[in-house]
Amino acid sequence: MVSGLGRRKFLLYSSAALGTSLLLKACSTATESSDASGEDTIKVGILHSLTGTMAISETTVVEAEKLAIKEINEAGGVLGKKIVPIVEDGASDWPTFAEKAAKLIDKDQVVTIFGCWTSASRKAVLPVFESKDHMLWYPVQYEGQECSKNIFYTGAAPNQQIEPAVDWLLKNKGKKFFLVGSDYVFPRTANTIIKEQLKALGGETVGEDYLPLGNTEVTPIISKIKAALPNGGVIFNSLNGDSNVAFFKQLKGAGLTPDKYPTMSVSIAEEEVRQIGPEFLIGHYAAWNYFQSVDSLDNKQFVEAFKAEYGEDRVTNDPMEAAYIMVYLWKQAVEQAGTTDLEPVRKAAIGQKFGAPEGAVEMYPNHHISKTVRIGEIQADGQFKIVSSTPKPVPPIPWNQYVAETKGYGCDWSDPNKGGKYKKEKA
C-alpha cells in the first residue's frame, strides 16, 4: 500500500483549529478521552520520557505522534474508529519504561505502542514485548545489532546514518577521530562499529570517552580531546540528552571551533539546536535522514501542520518525523489487515510504503525502513544546510557488516526459516 501527505491532507491541515495548541502532560498516565474502551475507539500507547534528562528530546516526539493521530482521526480514523492515545512517562528511567509498557499492554489493553528513544529504554522494554508477543514502533536512529519480530524500527540503522557519516568525514574532514558518547548501549555499540569502519578504511581512533547519561562534567573529556588532537581533528559525538548542552558550550569556550575540530553528531537535531543555542553549534554537523530544510511539498505540508498545531516558533526534526510516519505506517497496515490483531498487522506492515517528509520510505522484511541519508551543517538560524544526500533511499541493514560477529548475517521476518538472524548465502 502506498500513501503520502497529499493535497487532501494539506487542506485538512489548513482547516484544523489553529488557535489552540495541545499541551503535553508530564504525568504518569494520561488518557486523551473518557471513552477509550468504547467500541468506536482503538487504544494505542505512547511511551516516552516527559521528565528527566531525555525530556529535552522525547517530548517533541510525543507531539509528532499526537499530530499524526489527530490528522488520522479527522480524516475518519482507522477502520472507521477513532484512535485514543494513552500516554505514559518513561521518566528517563529504564525500569520505569518496562513497567509502563507492561501496564499499557495488560491494563490498558492497547493494540500497539509507539515509544522509546534511547536504546537503553528499548532494551528494557524488549523482553516485555517479546514475552507478551506484542508490538512496539520505535522512531529513533540506533546502533543496529537487533532485529525483533515485536519491533518496527523507523529510525536509521547504522548503514543509514553512522557509517555514511564516517565515510563523509574521511573524505572531507580528516582521518583522526575522537569518539565521545553517553555511557549506554547505543554510543558504545556505535563506537565499536565506527572503530571497525575506521580500521577498514584507513582512519584512526585517537581517543574514546563516555559520560553517564545526564552528566554535565564535560571538562575532562574536552581536555582529552585537546591532548589527543593537538592540531585538530574530527570529533564524533553520540552524547544524548542534557550532556550536549554543556558539551557544546564548553567546546566553544575552550576554543575547539569547527574549522579545526568539526563535530559530527548523531543525536543533535533542530530541537536540540534550538534549546542549546545555535551560536554554540554553528559550523558543526549532524547526520540524519530528515532535516526541516528538506525541500519538498510533503515536507512543507508537514512543517506547516506542526507549526499550526504547536506554534510558529517550533521546529521539526528527524526523530519527530520518524515518529510521525510510523503512526501512518501502522494505520496502513491495520487497514490492509482489516483488523488491529497483532499477527495480521505484523504481516501487513511489511511492504508498506509512504510518501514521507524525508522522501519515500518502505518497510522491509527486517522490520526497518529504507531511508535517504543526509548530512547537514548547522546554520546561524538553527537550521541545517544539507551538504550531502544520497540519490535514493538506502535499504536498511540491521546486522552490521563491519563487525566480525555479525558480518554476513541478515534478518527476514517474512520467511519463517530465516527470522531475526540468519547467515546469508555468499554472492
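User: What should I know about the model before we start?
Analyst: Residues are numbered from 1 along each chain as its sequence is written, and side-chain values use heavy atoms, leaving out hydrogens and water. Because this is a predicted model, local features need pLDDT of at least 70, while totals for chains, interfaces and linings use all residues, and side-chain atom pairs count only at pLDDT 80 or more.

User: Into which domains is the chain divided, and what distance separates their centres?
Analyst: The bounds come from an automatic or database domain assignment. They give domain 1 (40-155 + 294-370) and domain 2 (158-286). Taken over C-alpha atoms, the centres of domain 1 and domain 2 are separated by 28 Å.

User: How many residues does each domain bring to the contact?
Analyst: Contact here means heavy atoms within 4.5 Å. The contact takes 25 residues from domain 1 and, from domain 2, 24 residues.

User: Which residues of domain 1 lose the most area to domain 2?
Analyst: Buried area is the accessible area (1.4 Å probe) that two parts lose on being put together, summed over both. Between domain 1 and domain 2 this comes to about 1900 Å², with 60% given by carbon and sulfur atoms. On the domain 1 side, 33% of what is buried comes from three residues together: Ile56, Gln141 and Glu143.

User: How many salt bridges and how many residue pairs in polar contact are there between domain 1 and domain 2?
Analyst: A salt bridge needs a side-chain nitrogen of Lys or Arg within 4 Å of a carboxyl oxygen of Asp or Glu, and the count between domain 1 and domain 2 is zero. A polar contact is a pair of N or O atoms within 3.5 Å; within protein, one must be able to donate a hydrogen and the other to accept it, and residues adjacent in sequence count only if both atoms are side-chain atoms. With both residues at pLDDT 80 or more, the number of pairs in polar contact between domain 1 and domain 2 is seven.

User: Is Ala269 buried or exposed?
Analyst: Buried means under 20% relative accessible area, exposed over 50%, and partly exposed in between (1.4 Å probe, protein chains only). Ala269 touches Trp288, Asn317 and Phe384, not counting residues up to four places away in sequence. Because its relative accessibility is 1%, Ala269 counts as buried.

User: Which side chain does the side chain of Gln352 meet in a polar contact?
Analyst: Gln352 also counts as buried, because its relative accessibility is 1%. At 2.8 Å, the polar contact of its side chain is with the side chain of Gln336.
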